[in-house]
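User: Hello! I would like to learn how to read the features of a protein model, step by step. Could we go through them together?

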Amino acid sequence: MSSAEAEILRTVLDRWRSAVDAHEPDRVASYFTEDAIFQGLHPYTVGPAGVAAYYAAQPLGLTAGYEILETRRLADDLVLGYLTVDFGFTDRPTLTVHLSVLVRRVGDAWLICHYQVSRLD
């Protein structure tokens, strides 16, 4: 895993985690591209509005912790990440999922353009 790619992913994912933990769905959505494909644990959506609606429906107190497992630089402006995410809740056990993300450089910012969660039991 390259440290440059991991640092790009950490920058994006730390902002995402901060917004998830603060229950700020519009801020979460601001870290996604306008054409982002988003697949949480419900039917997929495209674009930030669907991301905001998904996180608005999540319970207060939801937290996210992640560990980057793999990274790949697919192009100068595109980084793939594969990670585990532990979603914590106030009233039930932690949910651990696997997450694949693509982040794309848009101007000076890196934004999520693809987000795909999977549960491996």
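User: What volume does the largest cavity have?

Analyst: Let us start with the general idea. Rolling a probe the size of a water molecule over the atoms shows where empty space is left. On a 1 Å grid over the protein atoms alone, a cavity is a set of points where a 1.4 Å probe fits but cannot get out, while a pocket is an open set with protein on both sides within 12 Å along at least five of seven lines; lining residues have an atom within 4 Å of a point. Grid points are joined across faces, edges and corners, and a volume is the space filled by probe spheres set on the points. Here, the largest cavity has a volume of about 50 Å³, and the count is 1 cavity of 30 Å³ or more. Please keep in mind that this is a predicted model, in which local features need pLDDT of at least 70 and side-chain atom pairs count only at pLDDT 80 or more, while totals for chains, interfaces and linings use all residues. Residues are numbered from 1 along each chain as its sequence is written, and side-chain values use heavy atoms, with hydrogens and water left out.

User: Which residues line the largest cavity?

Analyst: The lining consists of A19, V20, H23, E24, P25, V28, Y55, Q58 and L62. For their classes, Ala, Val, Leu, Ile, Met, Phe, Trp, Tyr, Cys and Pro count as nonpolar, Asp, Glu, Lys and Arg as charged, and the others, Gly among them, as polar. This lining has 6 nonpolar, 2 polar and 1 charged residues. As for the elements, α1 and α2 each supply at least two residues of it. Helices (H or I, at least four residues) and strands (E, at least two) are DSSP runs, numbered from the N terminus.

User: Where does H23 lie?

Analyst: H23 sits in the loop between α1 (3-21) and α2 (25-29). Its phi is near 50°, a positive value in a residue other than glycine. H23 counts as partly exposed because its relative accessibility is 27%. The cut-offs are under 20% relative accessible area for buried, over 50% for exposed, and in between for partly exposed (1.4 Å probe, protein chains only).

User: How much space lies in the largest pocket?

Analyst: The largest pocket holds about 210 Å³ of space. Two or more residues of its lining come from each of α3 (48-56), β5 (95-106) and β6 (109-118). The lining has 15 residues, of which L41, Y54, Q58, F89 and L95 lie nearest the centre of the pocket. By class, 11 are nonpolar, 3 polar and 1 charged. Q58 is also named in the lining of the largest cavity.

User: How many salt bridges does a search of the whole structure find?

Analyst: Side chains of opposite charge can pair when their charged atoms come close. A salt bridge is a side-chain nitrogen of Lys or Arg within 4 Å of a carboxyl oxygen of Asp or Glu. The search finds 7 of them in this structure. One of these joins E5 and R73, at 3.2 Å from N to O. This pair links distant parts of the chain, with E5 in helix α1 and R73 in strand β3 (residues 63-75), 68 residues apart. E5 is buried, at 10% relative accessibility, whereas R73 is partly exposed, at 35%.

User: How far apart are the closest N and O atoms of D14 and R17?

Analyst: In that salt bridge, the closest N and O atoms are 3.1 Å apart. D14 and R17 are 3 residues apart in helix α1, so about one helical turn separates them. D14 is partly exposed, with a relative accessible area of 32%, and R17 is partly exposed at 27%.

User: Which strands hold D35 and R104?

Analyst: D35 is in strand β1 and R104 in strand β5, 69 residues apart. Their side chains meet in a salt bridge of 3.2 Å, N to O. D35 is partly exposed, with a relative accessible area of 44%, and R104 is partly exposed at 25%.

User: Is V103 buried or exposed?

Analyst: V103 counts as buried because its relative accessibility is 0%. V103 is in strand β5, and its C-alpha is 10 Å from that of L74, a residue 29 positions away in sequence.
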